[in-house]
Amino acid sequence: MTTTPVLQARGLRRSYQSGPQTVHAVDGIDLALDPGEFIAVMGPSGSGKSTLMHLLAGLDRPTAGTVLLDGDDLTAMDDEELTTVRRRRMGFVFQSFNLVPDLTVRENLRLPLSFERPVVRPDGAWEATLADRLGLEGLLERLPHELSGGQQQRVAIARALVRTPSVVFADEPTGNLDVATGRAVLSLLGELVRGTGCTVVMVTHDATAAAHADRALFLRDGRVVDALDDADDEAIARTMLDLVRAS
Amino acid sequence: MRRRGPGSVTSLVVVALVTAYATVLLTTIVMLGRLSRENGFSGATSRELLAILGTGFLVVAVVVSATVLTNAYAVVTASRARDVALRRLLGSSAAQERRLVVRDGLRTGVLGIGAGLLGGMAVNTVIGLTAGGGLRSGVIEPAVIVPCAGVLLTAVLAAWRGSSAVLDVQPAQALGAAAAVETGAPAEPPRWTAVAQVLTVLGLLGVGGAAAVGVLTPQAAYLGLLGGPLLAFGVVLSAPALFPRWLRLLNRVWRTTPSGVLAARRLDHNPERTGRTAAGVVVIVSVVTMFVVASATLETAVNRMYEGTADAEGAAETTMMLAGVVAVMVSAAALISAIGLCQTIGLGARMRRRETGLMRVLGQSRRDVRAVTVGESARLGLGAVTAGLLLGTFVGWAGAQSLLGSMVRERVVMPVVPWWLLLALAVVTMLLAVGAALAPLHENLRSTPLAALRG
C-alpha cells in the first residue's frame, strides 16, 4: 500500500542577487516525506538547509519548482492562504524559543488557535495531554521569563502540536540548550510525533540531535548529496566531516 | 554618533520650534500690550494678564519640549544599543558614550536655537508688515535670551537623562549569539516614586491653591504658574506607575475582543513604555484643554464683567484677540507634542518587527496584526486623552479662577468647556496615536515574515 507523501518538493530552486553575483541557495531539490517521518536536514554553513526549510514551510517563494503539502500546491497560494496553511497545518519550533513574553504559557500554547477568525475553542483534552507529556502542568499560568530554557522549548513544542499539524518544522531546536536538556526535548518530540503521525523536518548541524531522526539528509551547495537511514550519531558525524572535507 | 538618525532630526525641529515660538510670543505680547494701552482698556490688568499668560505659555512650551526631547533621546539610545555595544566591545567606556550623546544634545540645541531665532524673526517681520497702523512690532525682543537659555539647558539635560540607558549596554550584546536568547523579562510594576508623589501633590496644591487664593487677588495666578510645571513634571514621572492602573480601570468598561486581550496584555506588561508614551499624550491633551477652557472661561467672564459699560467693546475686542493669540500658541505647543508622540509610538512599533514576524510565521493574518496594533494604540490613546481632558479642564478652570476670581461678584468663575473643540482634540489625538502605530507596521507587513524574524 502506497501512502501519499505529506510533503513534496519538485525541482526546487531558490536564487537571489548578492551584489554582482547570483547565489543559488537551493539548486534543484526533490523530496518526498511520508506521514510520521522524522527527518534531519544537515549540512555545513551555506549549504542551503535553512533556505530549504523556509521554502517547504511556505515562508519564502522558490525561484523555480513546487512544494506540495497534502497534495496542495503552496507555491500557487497567496500570502493570506499561506498564512492560513501555516496556522492550521504546520507547527514551528525555533532555536530561540520565540514565545511571546507578554502572554502566559497557556496563552502562548493557544496562540495558533487565537488567530482563527471566528475564534476556535481549544481542545481541552488534547491540551491537557500535551501539557502532561511535556511536563508543563503547574507552569501554565507562568510567564515565559520564569521558565528555564528547556521548559520554554517544551512550551514551543506544545504550541507546535496544539492543532495536530501535518508537519512540524524545527530550526536548530537544541541550539540554545545544554546537551542533556536537548536530548530530553528531542526524545519527547520524537515520541509525540510518532503518536500523532505528524511529520517533522528538523534543520540541525548537531549530529547527536540528528540521531533522533529516522532519516538524515545532507546538503551541500544547495543540493542533496547524501542520505542516511536510522543512523547513529557517529555515522552522521563522519558523513558530515567527509562532506566538509570534500568541499 | 556622526550619522544623523531620525531622533536627531526630531530634536532639532523641536528645539527650533520652541525657540521660534518664544521669539514670536515675546514680540506679540509686547505688541498686544501696546495695543491694549492705545485702546484705553485698563492697562494694568491687561498687561499683567498678558505677562502671566505669556510666561505661562513659555513655561509650558519648555516643559512639553523637555518631555519630548527626553523621550527622543531615550528612544534613539535604545535603537542604537547594538552600535553602542560594539563600540564598548572595542574599548570605549560607558561614560565616553554618554558624553557623546550629551555633546550631540548641545550641538542640536545650539543649531536648533539658531534656526528658531531666524525663523521667529522672519515670522515677526511678516506680522509687522501685514499688521497696519500702530501695530508695528520689533523683529526680536532682547528678553528672548532667557527662554533660549532655558531651551538649551533643556536640550542638554534631556540628552543626559535620555541617554542613561547607555550605561546599561553590555559589550557582550554586540556578540550576536548572546543577543538571541533574550526572553524579555518584564520589569515589576514601577513604584510611584517619592519624587513623583511630591511633585504631583505640590503641583495639585499649587494649582488648587491658586484657584482658592484667586478669590482674593489676581496675583494668585503666579501660584498657579508655579504649581502648573510642578504638576506637569509630576504627571510625567508618575505615568509609568499610575497609568497602567488607570487603563485597568477603563478596561472594565471596554468590550474585549481576542485582539483586544492581546493588546491590553501588552500594554500592561510594559508599564515603562506604556507610561512614557501615555505621558506625552496626557501632557499634550491637558495643555491644549487647559488653554481652551481657560480662554473660554476668561472670555465669558471678562465680557460679563464689562457688560453694559463703556469699555465693553474694547474689552470684547481685546479678549477676542487674546483668544486668537492663544489659539495660535496652543497650536504651536500641540505641534511640538504631536511630533514627540508620533516619534515615540512609531519607534515602539518599529521595535516590534521581530514579534510581528513571529506572529505571522505562526499564522496571524495581516488584518489581525493591524487589529492588535490599532487596539493597543486606541486603548492607550483613549486612556491618555480622558486623563488629559480631566486634568486640563481642572487646571484651565483654576487658572481662570485665579486671575478673575477677585473681580467677579460671585467670587467664583464658572468654567466654560467648549465641548465640540475638546471632542475634535480627542479625535485628532486618537487618529495621531493610531496612525503613528500603523505607519511603521505598514512597512513591516510588506516584507515576508521571514525578513522580520531575521532582522
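What is the length of the polar contact that joins the side chains of Glu116(A) and Arg87(A)? The contact spans 2.8 Å, where a polar contact is a pair of N or O atoms within 3.5 Å; within protein, one must be able to donate a hydrogen and the other to accept it, and residues adjacent in sequence count only if both atoms are side-chain atoms. This is a predicted model: local features need pLDDT of at least 70, side-chain atom pairs count only at pLDDT 80 or more, and totals for chains, interfaces and linings use all residues. Residues are numbered from 1 along each chain as its sequence is written, chains are lettered from A and ligands numbered from 1 in the order in which they are written, and side-chain values use heavy atoms, with hydrogens and water left out.

- Glu116(A) sits in the loop between helix 4 (111-114) and helix 5 (124-133) of chain A; helices (H or I, at least four residues) and strands (E, at least two) are DSSP runs, numbered from the N terminus.
- Glu116(A) is buried, at 3% relative accessible area (buried is under 20%, exposed over 50%, partly exposed in between; 1.4 Å probe, protein chains only).
- A polar contact of 2.8 Å also joins the side chains of Glu116(A) and Arg88(A).
- Beyond neighbours within four places in sequence, Glu116(A) is in contact (heavy atoms within 4.5 Å) with Arg87(A), Arg88(A) and Arg163(A).
- A network of salt bridges links Arg87(A), Arg88(A), Glu116(A) and Arg163(A); a salt bridge is a side-chain nitrogen of Lys or Arg within 4 Å of a carboxyl oxygen of Asp or Glu.

**Other salt bridges**

- The whole structure holds 17 salt bridges over all chains.
- Asp27(A) pairs with Arg223(A), with the closest N and O atoms 2.8 Å apart.
- Asp27(A) is in strand 2 (residues 21-33) of chain A and Arg223(A) in strand 10 (residues 223-229) of chain A, so the pair ties together parts 196 residues apart in sequence.
- Asp27(A) is buried at 16%, whereas Arg223(A) is partly exposed at 44%.
- Asp72(A) and Arg89(A) meet in a salt bridge of 2.9 Å, N to O.
- That pair ties together parts 17 residues apart in sequence, because Asp72(A) lies in strand 5 (residues 72-73) and Arg89(A) in helix 2 (residues 79-89) of chain A.

**Interface of chains A and B**

- Chain B gives 30 residues to the contact and chain A gives 27 residues.
- About 2600 Å² is buried between the chains, with 60% from carbon and sulfur atoms; buried area is the accessible area (1.4 Å probe) that two parts lose on being put together, summed over both.
- Two salt bridges cross the interface.
- Asp79(A) and Arg366(B) form a salt bridge, at 3.3 Å between the closest N and O atoms.
- This pair runs from helix 2 of chain A to helix 13 of chain B.
- Arg366(B) is partly exposed, at 22%.

- Helix 1 (residues 49-56) of chain A is largely enclosed by the rest of the structure, because seven of its eight residues are buried.
- Just after helix 1 of chain A, Gly58(A) has a positive phi of about 70°.
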